[in-house]
Amino acid sequence: MSEPLPSLNAPGTPQIVRDEMAALKSRLDETVPPKRDAIRNLLVATWNIKDFGSLYDKNDAWTATGNASPKRDRRALWAITEILSRFDVIAVQEVTGDLKALRTMIKTLGSNWGFLMTDVAKGADAGAERLAFVYDRTRVELSGLAGELVVPREWLDEIGETALKKQFARTPYAVSFRSGTQTLILVTLHVDYGDSSADRVPELQAIARWMKEWAAQTNRWHHNLIALGDFNIDRKDDDLWQAFVSTGLEVPVQLNQVPRSIFASPGQAELEKFYDQIAWFTKGQRQLLDLELRTAGTFNFVSLLYTDIGMTKQSLQYRMSDHYPLWVEFDLAG
């Protein structure tokens, strides 16, 4: 049975952890907009949290050192929990069959938080992963829809270099949420990396096609449709990007040059490791309804954590992630 993380104010909490969390909270205050009620806003995020499964807490240790396994420790999970708490609903990729870290995080966030997730994906290409949504119940509520996207058989019978030959390796997961009078359908996915970038094109085109057809229907019922997750796009404007936007999906310009990966070269975020996206249709009858984009961004946690150890990015990815969280803020009309 998972228990909440120990309080940061508890006597046994190392001072370095308290100091780092104070710095992390301060940077989050500067970077992520606060949750507002007077003129209500909505903060939606996506984060591929690498191998988000088990948790190292042996002997009440805060830091996993040496050959400790797993590498994710209480110190990292507190940071992950604090980051996620700043958003209203977060799509999380790479949740594993082991749910200790996720359940510990939810209990730490408290009773006002909930989550939904898929079962573990089967098959050699699926990586035994789950897709999940974590959400703040004081800000959003479930509005009734939860399902996985399966392509029609007719799509699989089509011929061509970029035609889809099989179902998605990890079936995209769609859940509807309501905030105030507005309903959103969030579709999250983790595109199969494959043996080459060309292997990803059919999945990307298929999800774009599915989103186009679905948006035309959901619009009639005053629903907003948003795709978010890890699309494994190498760089902006490459063939993978073109496949993703082929049916009119658009990524907000505020996200065009922000880094997605902790390994992306500074100043060239759009040129490599452009994996994660948040996108929707902005034109015609499929565009978002009564949602106005206010701001968008990412959050760089690298320099704020494990400052006493001098941890490399290569090691940090197994405690936090190799991806940054990506987020958007909407103003809600009505």
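In this predicted model, Phe133, Tyr135, Tyr173 and Phe177 come together as one aromatic cluster. Aromatic pairs number 9 in the structure.

Phe133 belongs to strand β4, which covers residues 130-136, while Tyr173 belongs to strand β6, residues 173-179. The two residues are 40 apart in sequence, so their pairing ties together separate parts of the chain. Phe133 has a relative accessible area of 0% and is buried. Tyr173, at 7% relative accessibility, also counts as buried, because the limit for that class is under 20%.

A second pair, Trp241 with Phe244, has another geometry. Its centres are 6.4 Å apart, with 65° between the planes, and the pair is edge-to-face. Trp241 and Phe244 are both buried.

Arg200 lies over the face of Tyr193, 3.9 Å from the ring centre. Arg260 is placed over the face of Phe274, and its distance from that ring centre is 3.9 Å.

Rolling a probe the size of a water molecule over the atoms shows where empty space is left. Searching the whole structure gives 1 cavity of 30 Å³ or more, and the volume of the largest cavity is about 40 Å³. Which residues line the largest cavity? The lining consists of Val17, Glu20, Met21, Arg75, Ala76, Leu305 and Tyr306.

Two helices, α1 (15-31) and α2 (74-84), each contribute at least two residues to this lining. The largest share comes from α1, which gives 3 residues. By residue class, the lining of the largest cavity holds 5 nonpolar residues, 2 charged residues and no polar ones. Glu20 and Arg75 are among the lining residues, and Glu and Arg both count as charged.

Methods:
Residues are numbered from 1 along each chain as its sequence is written. This is a predicted model: local features need pLDDT of at least 70, side-chain atom pairs count only at pLDDT 80 or more; totals for chains, interfaces and linings use all residues. Side-chain values use heavy atoms; hydrogens and water are left out. Rings of Phe, Tyr and Trp (its six-membered ring) pair if their centres lie within 6.5 Å; planes under 30 degrees apart count as stacked, over 60 as edge-to-face and the rest as tilted. Helices (H or I, at least four residues) and strands (E, at least two) are DSSP runs, numbered from the N terminus. Buried means under 20% relative accessible area, exposed over 50%, partly exposed in between (1.4 Å probe, protein chains only). A charge sits over a ring if NZ of Lys or CZ of Arg is within 6 Å of the ring centre and within 35 degrees of the ring normal. On a 1 Å grid over the protein atoms alone, a cavity is a set of points where a 1.4 Å probe fits but cannot get out, and a pocket is an open set with protein on both sides within 12 Å along at least five of seven lines; lining residues have an atom within 4 Å of a point. Grid points are joined across faces, edges and corners, and a volume is the space filled by probe spheres set on the points.
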